[in-house]
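Reader: I'd like to go through some backbone details before I set anything up. Can you put the structure up so that we can look at it together?

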Amino acid sequence: MPQPDDHSAGRAPERPANRLIHESSPYLLQHAHNPVDWYPWGDEAFAEARRRDVPIFLSIGYSTCYWCHVMERESFENEAIAKIMNEHFVNIKVDREQRPDIDEVYMAATVIMTGHGGWPMSCFLEPEHLRPFWCGTYFPAEPRADLPQMPTFPQILRGISAAWREQREQVLQQGEQVARAVREQLEQAREPVALSATHIEQAIQGLLRMFDRVHGGFGSAPKFPQPVFLEFLLDARGRVDGASRSAIDEAVRLTLDRMGVGGIFDQVAGGFHRYSVDATWTVPHFEKMLYDQAQLARVYARAARVYDDAFYARIARRTCGFVLRELCDEAGGFHSALDAEVDGREGLNYLWTPEEIREALDPEDADLAIRVYQLDAGPNFRDPHHSDEPPRNVLRMRDRPDRLASDLGMDADALIARLNAINTRLLKVRDGRKGPRRDDKVLTGWNGLMIAALADVGRMLDEPSLIEHGARAARFVLEHLRKDGTLLRSWRRGQTSGPGFLEDGAFLLDALESLRRAGAAGDWQDAASEVLQTIERDFGDGAGGFFDTRADQTDLFVRTRSVHDGAIPSAVGVLALVLAQRGGDDAASAERAARMLHAVSGSIDENPLGATNSLRALMLVLRLDLPETMTDWFASSSRSVPVEPAGPANPAFTPVEVLADHDRVVIARDEPAMITLRLRIAPDWHLIAPDTPDASTLVPVRVHTLGGTGMRVYAEYPPGKQRPDGLRVYTDTVDIPVALERVGRWSGRPMLGVTYQACSQTECLQVRTVELDVAIDARDPDDDVPEPQESDASSG
């Protein structure tokens, strides 16, 4: 079971508490007994930095972030490092889930400065205007063999402090340059264009080309569920021809099948982990986030109805059951997440060995579980950060239960009954283990997502109890997370945080509309009208568009607006979709939806796939009767979506040529080889650069090893060109310096590979991996060179 929600427990409580002890965020409370003199974000911290004339060190993370925990243990609990921080900086901690606005601004700065992002985010700000002049992510307290080029955190602290004292003018200039780049990226509004079914067609074709026809999903590892893509395809299947519908069904069904049997789904307790580190959905990154449960339960229930599929219905019900059992606050709302680690070990409580299965079950059930959950195939998980830990298994099914039953010579219902009993027993054993920490804050927006999911799942699967659970949570949010007509962001144990954001209003509006459609008892229509009025008052720009933050918010140097759908959907896209859904019966809502889409039409035109929920709204708006003054905003509004029959991209065609400046290199211990790769990209095509801020729905360029062992690759990726939609891309010719390092035992024939996905304005080709014709020799092939541990420090 998840650990008790005392987030300052185990954090050296004998030390005096710092200012974070008064905060409601579990993440901030985790740091309340650090020796660092932390401040929460606010005027007190800003004034103190100005009074002392020192920079601000801003650390942004979240409570279930693995590398956030690592940096705390290494640096923020270290008395000597804390002394440097306290003497030379005013130190601020921010929970990115409680303040997504701060996170978005400084993440943009971090990516602009370093080419990548992640958590914990580490930024240094000048105190007057809060402009960032130096940014990074995780930094070790001491030198690490697996991160040889990375400076230590104490080195960075001393260097930044010295630069502030001795190079003040250059520091301030750099801060202004970074702030200008951030403003250009996050404020930029493109000129409106006429939207049409062509934009929808482009997105469908792009998704079908990105589709992994072997394992499901879109793109390669790490693989995210991306439910917004699945919802979009389910919307589109009713608007395309038969061949395209078959292609859409293949993409949706294979993805749902593979996720449902994979390790990304908690086979014992239900619910989904955040993403898979591999392409086969086997080994997850073990956080369990409320927003994932909401979106995936909703899409599985919808697919269950579309395809009359009991397996999908079972996944949807089990996901909702997990939330109600482990993320439900007694007061009525839903908690945010479960941590990825237990005692510093990733996923420890979710892992099993065959011996543990046999101890938990009777012999017959144990044999079945070992076979169904693939423990008989050997272990599939080894902690990359703790090589001394024995290998174990993430439970994943061999196949869907209906197909498994046939292979086992069993009736499908009988197999499901057996698995239910097995899972009940395994969960009881697992609940006896030490569980992950729970982030028990209640976020308005994320609760809106979950309430909408419960209402829709309950309606589609005829589960009235789920609808009532959603209604109870909605009543809680309306009672406890509104004050004087303003939506609040979060609640925890009776304590609330500050005003909410556009996503809080948009997601709550979606929830209220979903409850109304589900027939839940209550006056949801009036509540929805009040929330919509609040949204338009606090976030509207007066011309049909919306900002992410309130007009009276003065603590950021930029007011952002975003249409990009990532792991959390775009507030603008959700709001437009809700209004378009209402538009069939309400002319005012139809016009509101049309104005919203027109306001962001330039961004949609630039990258249709990045604004998927906006395209879902566009599908509906194209069918609505609009005033004549709006008809020019939408071309060919009466037509359906014509999509060419989708099939695999021509494998012989690629708009990219990959060259190397050497055809043979030699590497040895302490003698890496250097090689430069040149990517020649055809006109009108581009590649996604690795420094794109949110790569969860994209496949960026990656240089890596192929075949054999004994070599590690370090690529120095140049920054991509910034596009107005936030993507960073490579075009024309790009040179990538690469270092080849000798590590571990030499075996086989290690080679150099480049993986990329080429895209144009109308399509994305399948992911391609090129094997370079470069001979790589080891001067010491018989030696076993010590190999450093892998690190994914920038991924959070």
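Reader: Which residue in β32 is the bridge partner of Val-666?
Author: In this predicted model, the bridge partner of Val-666 in β32 is Asp-777.

Reader: And how do β21 and β32 run, parallel or antiparallel?
Author: The two strands run parallel, and four bridges join β21 to β32, the latter covering residues 775–778.

Reader: Which residues of β21 are on the covered face, and which on the uncovered one?
Author: Strand β21, made of residues 664–667, has Val-665 and Ile-667 on its covered face, while Arg-664 and Val-666 belong to the uncovered face.

Reader: Switching to peptide bonds, what joins Trp-119 and Pro-120?
Author: A cis peptide bond joins them, with omega at about 5°, and Pro-120 sits in the loop that runs between α5 (100–114) and β4 (121–125).

Reader: What about Ala-221 and Pro-222?
Author: That pair is also joined by a cis peptide bond, where omega is about -5°; Pro-222 is placed in the loop between α8 (197–210) and α9 (227–236).

Reader: Now phi: what is the value for Trp-281, and where is that residue?
Author: Trp-281 has phi near 65°, which is positive in a residue other than glycine, and the residue lies in the loop between β6 (275–276) and β7 (284–285).

Reader: Is Trp-281 buried or exposed?
Author: Trp-281 counts as buried because its relative accessible area is 0%, and the cut-off for buried is under 20%.

Reader: And what is phi for Asp-343?
Author: For Asp-343, a residue other than glycine, phi is positive as well, near 55°, and Asp-343 is in the loop between β10 (341–342) and β11 (345–346).

Technical notes. Residues numbered from 1 in each chain as written. Predicted model: local features only at pLDDT ≥ 70, side-chain atom pairs only at ≥ 80, totals over all residues. Heavy atoms only, no water. Buried < 20%, exposed > 50% of the residue type's maximum accessible area, 1.4 Å probe, protein only. Pairing = 2+ DSSP bridges.
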